[in-house]
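Hi there,

Here is the structure I promised to pass on. Have a look at it first, and my notes follow below.

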Amino acid sequence: MTEFTADSMHRLAKMALDAGEVASPEEAVALFSRYRLRIHLGHGWAKTLAGQACFLTALNTAVRAFLGGVEVYGDLDVTLDVPLYQGRSALGIAEELGAAVVNTATTELPTLVLGVAPASERPGFCVQLAWDHWRFEIAPVGASGGLTCADDNPLAGIGAAALGVNEAFMHVRGDLAEAGHRSIGMSLWNPMAVADWRHDAYKGPELAYLPKSLWLVGLGHLGQAYAWALGMLPYSVDGRPHLVLQDFDKAAKSNLSTCLLLWPGDLLKPKVRAVANRLEAAGFTTALVERRFGAGHRVMVDEPTAALFGVDNVAARRDLDTAEFSLVVETGLGSGYRDFRNIRLHTFPGPRRPSQIWTAESTAQTAAELNDTYKKLADERKDICGMTLLASRAVATPFVGALAAVLALAEVMRPLHGGLVHAALDVQLKSLRHRTSAMPTPCRGLLPAFIQAQKLPPGHAGEVT
């Protein structure tokens, strides 16, 4: 029998254990090993970087959530242009990321569709992923009124992928009866546009400017989602951004279920170095800070003054007060099996300082409470400490992190295009209509240095080499 610990337990399968749905970690993983997904790549899916980012994100998040496997079927005879995989074949990347590439799609699997939908008989769950400008959506294949997938903003492609994989996961889990039978979407230009998010006023401008440098604090679930999203943006070969990467932790087996840039060969290695290796291979430049973020943090001359913060630690969030960043976007996620899809975002400077949001009293850690399943396991395995530690770990999955990352990057990139920022924003991925936000305002901080986005010639992206 495999022993699952806090450092090895799959962080999404853990939800079945937390809910009391199964009696052991082994049963939880066995249950999730029955969940499978197909990605259908129809004609035209790779003509934009947004389409390529959509496919890569859907695949990379799905293989970490659907433990029974992910099939890819369709047009894989293309060369990718997104910086993180530039010049690589879609077929090779699909196999590298863990997909089973198939020549026929006859089995009844829930299916996500990019590009032209299959003409043959479709499975019961068959959802189209679509994007345009700063907007993205998912809808049952054949539903009218879809987005055009024309304007090239990779953030929207990533957002569509996150919605699609989440929808498929809710379907296989039976979490939502209407999953796969509804049309949902949002605008990154105005994330608080709910009923009218498709309106042209919320499509946003053409993507023209990208951050030239950023500081990523924390290289776990969220930090790697930030880095992944940056790796999809249209940076030119000689204009890749400079990133300061800060983390002190080493990769554990459980991180493979949440972190988009970690693979088995990275286990026990510092996360910051694994991420740096992948970004540098794509032409990014990096500087590494291998220590905890804390009260002594100061931005030095010539270092990025804008930061994306992904540390799940209240004391560290309070220390943003004195770090001297000119712009910070901080993101937090729900951690329980009921709320792991919830996203909360803050942008600083704002009407309140970090220490006013996260008070000194809130730094106290609440002891994990053991449900009956954990109590029984602790008794059977004579390991109360191990089971308490496992119970304390968050339920997490990268398709939630991917959506959080594009929401955070939108707060950095929107003001570069004349848009507004949100001091606070709450989004529920299970029910996307449930969003709350502070009134958007002009950015109060110093905008990051920026460069122009690269414009690919029409028809260039995804052409066969």
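To start with a term: two strands count as paired here if DSSP finds at least two bridges between them. With that in mind, H242 stands opposite T285 in β11. The strands concerned, β10 (residues 242-246) and β11, pair in the parallel sense over five bridges. Please keep in mind throughout that this is a predicted model.

These two strands belong to an open sheet of eight, in the order β11-β10-β9-β12-β13-β14-β15-β16, and the pairing is mixed. At the edges stand β11 (285-289) and β16 (435-437); each has a single partner strand, so one side of each is left without a neighbour in the sheet. On average, neighbouring strands are turned by 15° against each other, direction ignored.

Helix α6 (residues 221-230) lies across β9 (213-217), β10, β12 (306-309) and β13 (327-333), and runs at about 120° to β13. Helix α12 also packs on the sheet, where it touches β9, β12, β13, β14 (342-348) and β15 (424-428), with its direction at about 20° to that of β14.

The largest nonpolar core has 127 residues, and F55, L56, L59, F66 and Y85 touch the most other members. Helix α12 (residues 398-413) gives this core its largest share, 13 residues. Apart from that core lies another, of 17 residues, with V217, L320, V328 and W358 among them. As for L59, its contacts beyond four places away in sequence are I39, V70, V72, A94, L97 and A99.

Helix α2 (residues 25-32) is mostly covered, with six of its eight residues buried: P25, E26, A28, V29, L31 and F32. The cover over these buried residues includes α1 (14-18), α5 (154-173), α10 (372-381) and α11 (384-392).

In one of them, F32 and F169 have ring centres 5.9 Å apart and planes at 40°, so the pair is tilted. This pair links helix α2 with helix α5, across 137 residues of the chain. F169 also pairs with F66, edge-to-face, at 6.1 Å centre to centre and 85° between the planes. Because F66 lies in the loop between α3 (49-62) and β2 (70-74) and F169 in helix α5, the pair ties together parts 103 residues apart in sequence. Ring pairs link F32, Y35, F66, F169 and F399 into a cluster. Finally, R64 lies over the face of W263, 4.2 Å from the ring centre.

Best wishes

Definitions and conventions:
Residues numbered from 1 in each chain as written. Predicted model: local features only at pLDDT ≥ 70, side-chain atom pairs only at ≥ 80, totals over all residues. Heavy atoms only, no water. Core = buried A, V, L, I, M, F, W, Y, C linked by side-chain atoms within 4.5 Å. Buried < 20%, exposed > 50% of the residue type's maximum accessible area, 1.4 Å probe, protein only. Helix = DSSP H or I, 4+ residues; strand = E, 2+ residues; numbered from the N terminus. Contact = heavy atoms within 4.5 Å. Axes fitted to C-alpha atoms, helices over the stretch in contact; angles between N-to-C directions. Phe/Tyr/Trp six-rings, centres within 6.5 Å; stacked < 30°, edge-to-face > 60°. Lys NZ or Arg CZ within 6 Å of the ring centre and 35° of its normal.
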